[in-house]
Amino acid sequence: MTPQAACDETLLGGKGASLAEMSRVGLPVPPGFTITTQVCRAYLSTGRTYPEGLREEVETSLAAVAEAAGKTFGAGPDPFLVSVRSGAPVSMPGMMDTILNLGLNDETVEALADRTGDARFAYDSYRRFIQMYGTVVIGVEHALFEDILDEAREAAGVDRDDRLDADALRAVVARYKQAIETDMDDPFPQDVHDQLWGAIGAVLESWNNPRAVTFRALHAIPDEWGTAVTVQAMVFGNSGDNSATGVAFTRHPSTGEKRVFGEYLVNAQGEDVVAGLRTPDPLLPNGHQAGRSMSEHMPEAFTQLVQLGDRLEAHFGDMQDIEFTVDDGRLWLLQTRAGKRTVDAAIRIAVDLAGEGTIARDDAVLHVDPSSLDKLLHPSIDPDAKRQLFARGLPASPGAAAGTVVFSSAAAETAMGEGRPVILVRPETSPDDIHGMAAAEGIVTTRGGMTSHAAVVARGMGKPAITAASAIRIDPDRRSMRAGTVTVREGDWLTLDGAAGEVLLGQLPMVQRPLSGDFATLMEWADGARRMAVRANADGLTDAEAALGFGAEGIGLVRTENIFLEGDGLQVMREMIMAPDERARRFVLERLLPVHRDNFVSLFEKMAGLPVCIRLLDPPLHEFLPREAAELDRVAAEMGLPADELRRRADELHEINPMLGNRGARLAICYPEIAEMQTRAVIEAAIIAGRRSDAPVVPEIVVPLVAYYAELRHLRERIDAIAADVKARHGSDIKHLVGCIIELPRAAIRADLIAGAADFFSFGTNDLTQTTLGISRDDAAHFLSRYLTEGIIERDPFINLDREGVGEVIRMATDKGRGAHPGIVTAITGEHGGDPESIAFCEQIGLDYVSCSPYRVPVARLAAAQAAI
Ligand code: ADP
Ligand code: MG
Ligand code: MG
């Protein structure tokens with residue numbers, strides 16, 4: 001047990017600590033004391049016994065508080081009443097129990113009535129106490145009391161408790177006590193000390209009630225923490241029309257507007273405001289309940305509430321959510337905590353608080369949860385729209401979209417050509433579906449998980465996706481799908497709520513809120529505090545434009561696969577693959593050089609001198625050949641080749657495990673002509689773009705899937721030679737950089753050597769996670785979810801970087817790389833580059849930049865700033 005002086009939340013609980021702090025700085029808080037969470041741990045682990053000396057200490061403290069108030073616990077003429085309140089180290093609103101008006105019995109209730117001259121009030125308090133104690137401590141059904149109260153209201157012909165008179169309440173009390181005695185074979189305890197210890201025990205036990213246990217599991221709150229118990233003098237919101245109880249936010253929790261917001265109830269107590277029996281009135285007039293607002297009804301208490309709210313904000317440096325009571329005109333604070341708020345409100349409040357000088361700019365940056373920004377950056381469904389659920393799935397990618405249903409990527413592409421918005425519904429997606437996904441407004445898959453292909457690609461594209469909507473049965477022949485009894489056909493409208501994982505029927509209206517001035521201000525402050533640079537992964541101009549709009553400082557990864565798939569790129573690739581020898585392949589590839597070059601020129605121009613890092617072709621060649629027999633025949637016919645020949649080549653290239661196959665550096669070594677063509681295109685484009693503007697272009701080329709120093713040295717020699725040749729021909733002396741993606745453990749282990757051939761390391765954490773853990777991302781959903789529920793791992797390593805494993809590999813590679821090559825640039829370019837926790841780790845080990853999908857750039861900017869503060 002601790003006097004209310006130290007304000008340690010882990011010991012006193014959030015509520016106890018804030019009460020202690022408020023009374024320490026002289027705010028009007030009813031006196032009391034707090035039993036620490038240590039007692040809870042001891043009590044629950046020792047078969048419900050209290051630590052030595054606790055009983056005496058509690059009784060002494062209680063007597064002292066009562067005496068200071070000039071009252072007596074359990075006796076007249078002025079009986080002392082207390083509340084016994086739960087309070088966990090972090091807020092678990094309403095999950096545990098609290099008992100009010102403790103200390104009332106058949107004698108003290110009469111004393112209270114005499115003393116206040118208000119028998120109605122005394123008996124109202126007593127019936128509330130019996131009801132709370134009866135349900136929480138004794139375990140009587142709540143309904144039993146409600147029935148009695150209903151009958152009393154009916155008998156008196158009133159519709160509200162506060163209209164029952166003293167006699168009616170006296171009768172209710174008698175019936176309550178009778179009901180408990182009948183139900184429990186034991187009378188309601190009249191000894192106030194029994195009441196006290198009964199309440200303390202019940203509040204401690206409420207740590208383990210099912211609601212609290214579930215809440216902790218959902219919010220990752222350790223079971224070991226335990227609750228504190230605050231015993232506090234009662235103040236009475238139910239002592240007449242000059243009394244009230246209420247809840248106030250110091251600023252609007254939805255908009256952040258600086259204006260007190262909340263509700264209160266006159267002549268009421270405790271949870272009446274949220275109980276819903278009476279409709280609470282607003283603190284400020286809202287036009288609906290004229291004349292009943294607190295500012296009109298109790299102007300003095302209201303003014304004081306606003307002033308105290310300002311003081312609390314100044315003291316705690318944040319918007320507060322306050323529980324208060326007015327007892328006969330006098331305002332008391334019963335709880336304060338940082339208020340929950342929407343992301344819009346969070347940004348506005350942070351910027352305003354800093355503007356008002358209440359907090360520093362760095363603190364403002366720390367006030368906003370980076371992940372919450374996601375919601376701002378995507379359009380959302382009009383909150384007033386009526387929703388009709390078709391099916392539910394995993395919220396794989398946030399945002400909202402509406403479109404008509406298609407069941408194939410080809411149909412999605414056709415629709416895009418005709419300017420029709422569509423939702424692509426597939427069992428799951430594969431790299432073949434990239435174009436269909438790009439054409440669709442949103443994606444639904446019936447299988448997969450949070451990290452399946454559809455989820456990852458959609459997040460990268462900034463499109464909503466819902467995966468594992470397993471209630472949906474697709475009937476490809478009828479081009480329809482069913483969930484429960486509802487059937488949806490191709491062409492019917494659907495709307496997706498990606499953040500909620502909901503597939504909704506019909507076309508719902510959308511709202512795209514503009515990014516407010518406050519957002520820009522906060523981002524500017526974040527940029528000022530940040531050490532790491534933030535780049536985006538961008539495959540084309542659309543991505544690059546989005547990235548710039550979101551404040552990216554360059555492109556950390558350009559995947560070049562798309563260029564091979566666009567226009568007649570795919571056809572050229574197929575011809576190259578079928579060409580008889582290297583010479584013929586080079587000849588065919590020449591046709592792709594201008595396409596590549598044009599692509600890179602426009603990318604360099606768009607990025608106007610900001611760094612752009614281009615990855616050499618990564619996937620194995622067979623990804624460019626058709627898979628299905630019918631498709632193979634068609635392509636062969638188109639190419640004027642015998643189908644057998646194409647099939648033979650496809651078989652030759654087939655790999656059992658393409659993820660570990662002939663890709664990346666290996667491909668570049670086996671088919672040097674591809675990497676050479678790409679290098680030529682990059683350097684030529686840089687020279688052209690550089691000449692058209694005054695911003696010099698320093699192109700960066702990155703080699704994927706390097707394992708050996710010798711691989712990179714071999715490739716770098718060729719890249720440098722080609723670059724030198726191009727530069728000489730163009731009379732240019734631009735610089736270029738060559739680096740490698742570290743995505744194999746061997747590369748990390750040999751990073752000191754490899755650094756000798758690299759200007760930079762780019763950690764490709766998607767593959768590095770796969771190769772370090774030996775887990776294929778596409779197949780992991782089943783067992784990873786089991787691992788998560790069994791507690792074998794705490795987080796999905798494909799979403800939050802596995803610090804202890806993959807993170808250590810990165811740290812080692814960084815240290816070794818820097819040891820051998822001081823100043824080598826290091827970066828992370830996997831999906832983790834947009835995850836705030838992973839970004840914090842990158843800051844810790846001192847990486848130079850993170851690169852993520854364009855839509856996550858603001859998230860990364862804020863997270864990187866928070867990590868640096
Ligand atoms: P919860 O954690 O569920 O909010 P609290 O301990 O905050 O539980 O109690 C709920 C409500 O009971 C408070 O908001 C307040 O209205 C009322 N209450 C608690 N203690 C007192 C007290 N000492 N005097 C008057 N009302 C109280
Ligand atoms: Mg509370
Ligand atoms: Mg990779």
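Asp185 sits in the loop between α7 (166-184) and α8 (192-205), where helices (H or I, at least four residues) and strands (E, at least two) are DSSP runs numbered from the N terminus. Although Asp185 is not a glycine, its phi is positive, at about 60 degrees.

The model is predicted, so local features need pLDDT of at least 70 and side-chain atom pairs count only at pLDDT 80 or more, while totals for chains, interfaces and linings use all residues. Residues are numbered from 1 along each chain as its sequence is written, and chains are lettered from A and ligands numbered from 1 in the order in which they are written.

The domain assignment, an automatic or database one, gives domain 1 (9-233), domain 2 (244-341), domain 3 (380-511) and domain 4 (530-620 + 655-868). Between the C-alpha centres of domain 1 and domain 3 the separation is 51 Å.

Ligand 1 is surrounded by 17 residues, a residue being near a molecule if its C-beta atom, placed from the backbone, lies within 6 Å of it. The closest are Ser83, Arg85, Thr98, Gly270 and Glu323. At least two residues of the shell come from each of β2 (82-87), β3 (98-102), β4 (228-233), β8 (320-327) and β9 (330-338). Because domain 1 and domain 2 both give residues to this shell, ligand 1 lies between them. By class, the shell holds six nonpolar, eight polar and three charged residues; Ala, Val, Leu, Ile, Met, Phe, Trp, Tyr, Cys and Pro count as nonpolar, Asp, Glu, Lys and Arg as charged, and the others, Gly among them, as polar.

Turning to the sheet, four strands form an open, antiparallel arrangement in the order β1-β4-β2-β3, two strands being paired if DSSP finds at least two bridges between them. β1 (32-35) and β3 stand at the edges with a single partner strand each, so one side of each has no neighbour in the sheet. The twist averages 15 degrees from one strand to the next, with axes fitted to C-alpha atoms (for helices over the stretch in contact) and angles running from 0 to 180 degrees between N-to-C directions. β2 and β3 pair over three antiparallel bridges, and Val84 has Ile99 of β3 as its bridge partner. Helix α1 (residues 9-24) packs on the sheet, touching β1, β2 and β4, and its direction makes about 35 degrees with that of β4; contact requires C-beta atoms, placed from the backbone, within 7 Å.

Terms used
Two residues are in contact if their C-beta atoms, placed from the backbone, lie within 7 Å.
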